[in-house]
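This report goes through one structure by its side-chain pairs, its core and its helix packing. The sequence and the structure come first.

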Amino acid sequence: MNYLNAVFWGYPGFIDPDTIRRHLSGQGNLRKRRWIMKRFLENGRVVDTLQFFRLDSISQELAELNLKPYTYRKWERITEVYAQTKGK
């Protein structure tokens, strides 16, 4: 099963990992990058999200993504816990 179907349902052009990487590697399109990140944070599994985004990047963008309250708290906690673990 393609895990990207759960993240990008309704957007068949985004169910290929290479396509997503191309979109993310493009310079200067912060709006598209945030849209992709928000889709991952709200609809994807943590392990899949971390294939495309680093925890420090997620932590920096979290407040700007207008996430659902549950999703925001979940990712806030994930970034806190793993930042502490990484420092040990």
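Y72 lies in helix α6; helices here are DSSP runs of H or I with at least four residues, strands are runs of E with at least two, and both are numbered from the N terminus. This is a predicted model, in which local features need pLDDT of at least 70, side-chain atom pairs count only at pLDDT 80 or more, and totals for chains, interfaces and linings use all residues. Residues are numbered from 1 along each chain as its sequence is written, and side-chain values use heavy atoms, with hydrogens and water left out.

Apart from neighbours within four places in sequence, Y72 is in contact with L62, A63 and L67; contact means heavy atoms within 4.5 Å. Y72 and E42 are separated by 30 residues in sequence, and their C-alpha atoms are 8.8 Å apart.

N66 lies in the loop between α5 (55–61) and α6. Most residues other than glycine have a negative phi. N66 is not a glycine, yet its phi is positive, at about 55°. The relative accessible area of N66 is 65%, so this residue is exposed.

## Salt bridges

How many salt bridges does the structure hold? There are 5, a salt bridge being a side-chain nitrogen of Lys or Arg within 4 Å of a carboxyl oxygen of Asp or Glu. One of them joins the side chains of D48 and R45, with 2.7 Å from N to O. D48 is buried, at 4% relative accessibility, whereas R45 is exposed, at 51% relative accessible area.

Another salt bridge is formed by D56 and R54, whose closest N and O atoms are 2.5 Å apart. D56 is partly exposed at 35% relative accessibility, and R54 is exposed with a relative accessible area of 59%. In the salt bridge between R77 and E80, the closest N and O atoms are 3.8 Å apart. Both residues lie in α6 (residues 69–87), 3 residues apart, which is about one turn of the helix. E80 is partly exposed, with a relative accessible area of 39%.

## The nonpolar core

A nonpolar core is a set of buried Ala, Val, Leu, Ile, Met, Phe, Trp, Tyr and Cys residues joined through side-chain atoms within 4.5 Å. The largest one has 18 residues, and the members that touch the most others are F8, I20, I36, F40, L41 and F53. Two or more residues come from each of α1 (4–7), α2 (17–25), α3 (30–43) and α6. The largest share, 4 residues, comes from α3.

With neighbours within four places in sequence left aside, F40 is in contact with L4, V7, F8, I20, D48, T49, F52 and F53.

## Packing of α2 and α3

The axes of α2 and α3 come within 9 Å and cross at roughly 135°; axes are lines fitted to C-alpha atoms, for helices over the stretch in contact, and angles run from 0 to 180 degrees between N-to-C directions. The two helices are therefore oblique to each other, because angles under 35 degrees count as roughly parallel, over 145 as roughly antiparallel, 65 to 115 as roughly perpendicular and the rest as oblique. I20, H23 and L24 of α2 make the contact with K32, R33, I36 and F40 of α3.

Definitions and conventions: Buried < 20%, exposed > 50% of the residue type's maximum accessible area, 1.4 Å probe, protein only.
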